[in-house]
Amino acid sequence: MSHCKPLSLLLALWLCFLKPTMVVGGEPLLIDPHSSKQSDATPVGVKECAACHSAPSPIYQDRGVTRFVRLIESKEWLERDKHSYAYQLVRLDELKHESNKLASEITKKLRYKKGDFERNCLTCHAGLNASEDYDSRDVKLDLEYGVRCESCHGPGSEYTKRERHQQTSWRGLKPEEKSEFGMWDLTSPSTAAAVCLSCHLGNIAENRFVTHAMYAAGHPVLPPFDLQIFLNAMPPHWKTLQEKPTFEKQSEYYQAHFDTKGNTDEIQTIKLSYEKTRRSMIGGLVANDVGLDLIHQGAAKTETWGDYSNYNCMGCHQELKKNSKSVLLDSRIPGRPFPANWLTLDYPKVHASSPETHDTLRRELFASFDSVPFGDTQRINQLRDRQRQSLEERFLDRRKMERQVMSKEDVLQWLFFLTQNREDSMKDFWVARQTAWMVCVAIDELVEHGAIAAIALDSVDPAKKELQKLLRLELQIDRKASVLESQSKILETANRFDSARCVALVKALVQTAIETR
Ligand code: HEC
Ligand code: HEC
Ligand code: HEC
Ligand code: HEC
Ligand code: HEC
């Protein structure tokens, strides 16, 4: 299957002459729900979206639109969301914050020339998209808004055209149908996770990748990612399903997103299901696949292979001392750098279709890291076609999975699998943090649903508080606050991390949940 239609090839060549190409590494393997059906849509800019999404106009109010969406999204994002300040914290022309100085220092150390900052940094810090010309005045102004509406929701030229997405009929479209018009449906957890992870983990094809050179020049360490925890840390400009009262085309809306006939009873069941745990779980599965894809993308070309940022940082950055708290897990071969542990964990039994193929491929892939230092690219590349097929199946699987709701039993089962046999891997601080996030999402939702006996709450709360402290679980949510301060605290916490205590706390939490079922 070739992705290069002659027309897009010509366009790509033309862009190569115009600007040094942004694409590095091999072509992605994962069908990425936010770029697969990439339409010809292009961004229209924040101001365009804000025109309707800052305050509900009387017309929309009269039509009952605000039962469905708040229409103050833009105001909320501009005043409270970190993403609208992401460019301001790294801009090079005003050294207002410590972070601006750091950004400037990083680009100096990396000997950046004109355009390098935009191409290598603003892809994440302002969602710069390959179709945008950063030299144009309009784009320059738009970039100042940082991570913009369209960086998350998709380029708007098609879905805003002829009132397309403004009509209530749009509500009945499935996520894959919306993406044909450029809109990425973020109510779909697999789409949302892929969108967030393209910046919060990386996507080589979009030139969103924090290289080891950037880290060595001072870039903060990207923490692991849990979709629900990261959403909790964003000021919500959306309405959750529970917050939407009955609205026009409701039945069609639910049918587009869930396996349901859309009658009132079924809708009620969906509203009472475990949406947050579902998001956390699917987000975890997507993160693993994005991690596998990054390895394959890197291995496809010699120029992109071997970047140290693809490996577990602590494998190299640990102190040489007796009994150093090495993160060399029992499962690892000494002297063979390995990808980040939190990305290489699997979630057994969650995926339905061909788990054997997936397991075999993973085993073969990881064995290639044991065979020669830094991994054997030849062996990795031999797995490429099979891996592509497996990732494709898993993607379609998740699409099916997210149409089903999670019950309390499902949540308990998920908690059980999640924490089974984690003693070894939780010696790694980042794995422990990731696992604790996921456990807390599920436990909090069980508590919200009154599914944990009141008496048990006396032990749940202190355990959660202690985990919070041991792992510094909270994220930075203030719009203008730099992550640098919290980053150094997280690293300090990582250095005096008590793994056994975390395992005990996590196990106790899960035990409490299971016992009070
Ligand atoms: C002309 C006014 C207008 C403009 C311009 C506009 N929107 Fe909307 N948007 C609306 C209205 C009205 C709705 C609610 C439609 C409905 O009633 O279902 C909406 C709904 C949405 C939704 C929810 C749709 C869904 O599928 O759940 C998203 C997301 C959205 N807009 C994003 C954007 C973005 C991003 C931009 C800029 C590229 C934008 N809009 C530009 C008026 C507008
Ligand atoms: C960092 C990513 C991000 C940015 C930037 C962002 N959004 Fe959103 N937006 C989301 C997420 C996530 C959701 C909710 C998905 C869900 O319902 O679970 C959402 C939901 C929405 C919805 C649907 C609300 C509903 O109640 O269903 C609208 C409309 C919307 N955003 C408009 C905007 C506009 C306009 C901007 C820019 C001013 C913007 N967003 C910027 C991530 C983002
Ligand atoms: C294979 C070993 C290896 C891995 C894995 C690795 N590094 Fe490094 N790192 C090095 C070496 C060697 C240097 C010194 C490079 C230089 O002199 O420029 C370095 C330098 C650094 C520095 C500069 C300060 C210092 O301590 O010397 C930082 C910060 C850094 N690495 C962060 C990271 C992060 C974050 C990761 C994981 C994403 C990572 N490294 C993974 C080997 C590694
Ligand atoms: C285009 C890139 C991009 C996308 C897409 C994106 N983010 Fe971000 N996000 C950033 C950047 C850059 C920062 C750091 C802002 C800063 O501190 O300067 C950030 C910061 C955050 C933070 C604060 C992090 C911390 O360590 O405290 C949260 C939470 C967050 N994003 C959530 C999300 C979620 C949820 C999504 C998907 C719905 C998302 N982001 C999508 C680029 C992105
Ligand atoms: C893959 C996406 C990505 C790329 C590429 C990237 N960054 Fe970042 N950067 C982030 C995220 C995400 C954060 C926030 C980390 C966190 O949550 O702790 C961040 C944080 C920062 C911060 C600290 C901001 C603060 O809140 O104080 C600086 C400074 C920075 N980046 C500069 C740069 C520079 C300069 C480049 C290019 C050389 C670059 N970044 C490339 C994603 C990226």
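Trainee: Which polar side-chain atom lies 2.8 Å from a nitrogen atom of ligand 1, that is, which residue does it belong to?

Mentor: This is a predicted model. In it, the iron atom of ligand 1 is coordinated through NE2 of two histidines, H53 and H165, at 2.0 Å. For H53, a side-chain N or O atom is 2.7 Å from a nitrogen atom of the ligand. The residue with the 2.8 Å distance is H165.

Trainee: What arrangement do the 6 donor atoms around the iron atom of ligand 1 make?

Mentor: Six donors count as octahedral if opposite ones are over 155 degrees apart and all others lie between 65 and 115. Here the angles run from 86 to 179°. The arrangement is therefore octahedral.

Trainee: How many residues apart are H53 and H165 in the chain?

Mentor: H53 sits in helix α2, residues 46-53. H165 sits in the loop between α9 (149-153) and α10 (175-179). The pair links distant parts of the chain, with a separation of 112 residues.

Trainee: Is H53 buried, partly exposed or exposed?

Mentor: Buried needs under 20% relative accessible area, and exposed needs over 50%. H53 has 25%. That makes H53 partly exposed.

Trainee: Which helix gives the largest share of the shell around ligand 1?

Mentor: The shell has 21 residues, with C49, C52, H53, H165 and R171 the closest. By class they are 11 nonpolar, 6 polar and 4 charged. Helices α2, α4 (65-68) and α9 each supply at least two. The largest share, 4 residues, comes from α2.

Trainee: Which residue has a polar side-chain atom 2.7 Å from an oxygen atom of ligand 2?

Mentor: Nearest to ligand 2 are C149, C152, H153, H237 and K244. H153 has a side-chain N or O atom 2.7 Å from a nitrogen atom of the ligand. K239 uses a backbone N or O atom, 2.9 Å from an oxygen atom of ligand 2. The side-chain contact to oxygen at 2.7 Å belongs to K244.

Trainee: How many charged residues are in the shell around ligand 2?

Mentor: There are 21 residues around ligand 2. The classes are 10 nonpolar and 6 polar, and the charged count is 5.

Trainee: Which helix gives the most to the shell around ligand 3?

Mentor: The residues around ligand 3 include H212, Y215, A216, C313, C316 and H317. Both α12 and α17 (313-316) supply at least two. The most, 3 residues, comes from α12.

Trainee: How many charged residues does the shell around ligand 3 have?

Mentor: Polar side-chain atoms reach nitrogen atoms of ligand 3 from H212 at 2.8 Å and from H317 at 2.7 Å. The shell divides into 8 nonpolar and 4 polar residues. The charged count is none.

Trainee: How far apart in sequence are the parts tied together by H125 and H219?

Mentor: H125 lies in helix α7 (residues 116-125). H219 lies in the loop between α12 (212-216) and α13 (227-232). The pair therefore ties together parts whose separation is 94 residues.

How values were computed: Residues are numbered from 1 along each chain as its sequence is written. Chains are lettered from A and ligands numbered from 1 in the order in which they are written. This is a predicted model: local features need pLDDT of at least 70, side-chain atom pairs count only at pLDDT 80 or more; totals for chains, interfaces and linings use all residues. Side-chain values use heavy atoms; hydrogens and water are left out. A residue is near a molecule or strand if one of its heavy atoms lies within 4 Å of it. A polar contact is a pair of N or O atoms within 3.5 Å; within protein, one must be able to donate a hydrogen and the other to accept it, and residues adjacent in sequence count only if both atoms are side-chain atoms. Ala, Val, Leu, Ile, Met, Phe, Trp, Tyr, Cys and Pro count as nonpolar, Asp, Glu, Lys and Arg as charged, and the others, Gly among them, as polar. Donors are N, O and S atoms within 2.8 Å of the metal (3.2 Å for Na, K and Ca); water is not among the atoms, so sites may look incomplete. Four donors count as tetrahedral if all angles lie between 85 and 135 degrees; four count as square planar and six as octahedral if opposite donors are over 155 degrees apart and all others between 65 and 115; anything else is irregular. Buried means under 20% relative accessible area, exposed over 50%, partly exposed in between (1.4 Å probe, protein chains only).
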